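Hi everyone, thanks for making time. Let me put the sequence and the model up on the screen, and then we can walk through them together.

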Amino acid sequence: VEIQILADMHGTMLHLGERECSVQRRHQKMIEEAPSIAVSPDLRSRMGSAAVAVARAGGYVNAGTCEFLLDSKGEFYFLEMNTRIQVEHPVTELVAGVDIVQWQLRIAAGERLTLSQSDIVPRGWAIECRITSEDPANGFLPSTGTIEYMHAPAGPGIRWDGGIETGSEISLYYDPLVGKLIVHAPTRTAAIARMQRALLELTLTGIETSRDFHLRVMEDDEFGRGAIDIQWLDRRLPAVLGGK
């Protein structure tokens, strides 16, 4: 569970709530959510205060993220601080209603934050799937080639962050991430259903991608119940890939 913070040059520092990043494979995040199903309002406040305290102690300025481990008893433990904007920032933007990229630039230009902590109230639920050029059915081996056809989903509550198009070349020399599919809905159940529809609409031919893997995760009963932890995908992957 990680906490997004913003800090300006004038002493104002606040957090934008948490992101749930437990669905990982080999320590690589694959699906992110905001908020976290494991975090209560009280825990959110305590974790947010801890993240702000860490950043303030280091004199940090700009957008950053504090990562924590959360145990089954609700105790949390500091792991590290990422001094940058992260791949999963869109889920926080959609739930908090804050353009983090814009504020990163405004803070760097010396502007003061016009937000206060009381302005940050989670609204709805957001989920992000990292669409990668990998073949889940073949041990997630990299897939390269030319994108023969691409169609990104669209509509209310659907966001596609990507820099590829039909004709783009996918090589071995870069990160396998080809795009991020993000949805926002009033509830987690509705967000999962919206993500399922968006994944079905996403079309990428010419390379293998993780699209079907993500679709099967969205259809998984344990994921739907929120019964996840950082070892969940290691345990559940055979069933997910087998569609059971």
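Here is something to look for: what covers the buried residues of α1? Before I answer, this is a predicted model, where local features need pLDDT of at least 70 and side-chain atom pairs count only at pLDDT 80 or more, while totals for chains, interfaces and linings use all residues. Residues are numbered from 1 along each chain as its sequence is written, and side-chain values use heavy atoms, with hydrogens and water left out.

Back to α1, then. The cover includes β1 (2-7), β2 (13-25), β4 and β5. Those labels are DSSP runs numbered from the N terminus: helices are H or I with at least four residues, strands are E with at least two. Buried means under 20% relative accessible area, exposed over 50%, and partly exposed in between, with a 1.4 Å probe and protein chains only.

The buried residues of α1 are L43, R44, M47, G48, A51, V52 and A55. They sit on the same side of α1, because their arc around the axis is only 165°; that arc is taken from the directions from the helix axis to the C-beta atoms. An α-helix has 3.6 residues a turn, so residues three or four places apart point the same way. Just after α1, G59 has a positive phi of about 65°.

Now to two of the covering strands. β4 (residues 64-70) and β5 (residues 76-82) pair in the antiparallel sense over six bridges; pairing requires that DSSP finds at least two bridges between two strands. L70 has F76 in β5 as its bridge partner. The two strands make a hairpin with five residues between them, and G74 in the turn has a positive phi of about 85°.

Next, the largest nonpolar core, which has 35 residues. Such a core is a set of buried Ala, Val, Leu, Ile, Met, Phe, Trp, Tyr and Cys residues joined through side-chain atoms within 4.5 Å. I31, I127, I131, M218 and F223 have the most contacts inside it. Among the elements that each supply at least two residues of this core are β3 (28-34), β6 (125-132) and α4 (188-201). The most comes from α4, with five residues. A second, separate core of 14 residues includes V1, M13, L43 and Y60.

Last stop: is H214 buried or exposed? H214, in helix α5, is buried, with a relative accessible area of 0%. Leaving aside neighbours within four places in sequence, H214 is in contact (heavy atoms within 4.5 Å) with M30, I31, C129, R130, I131 and L199.
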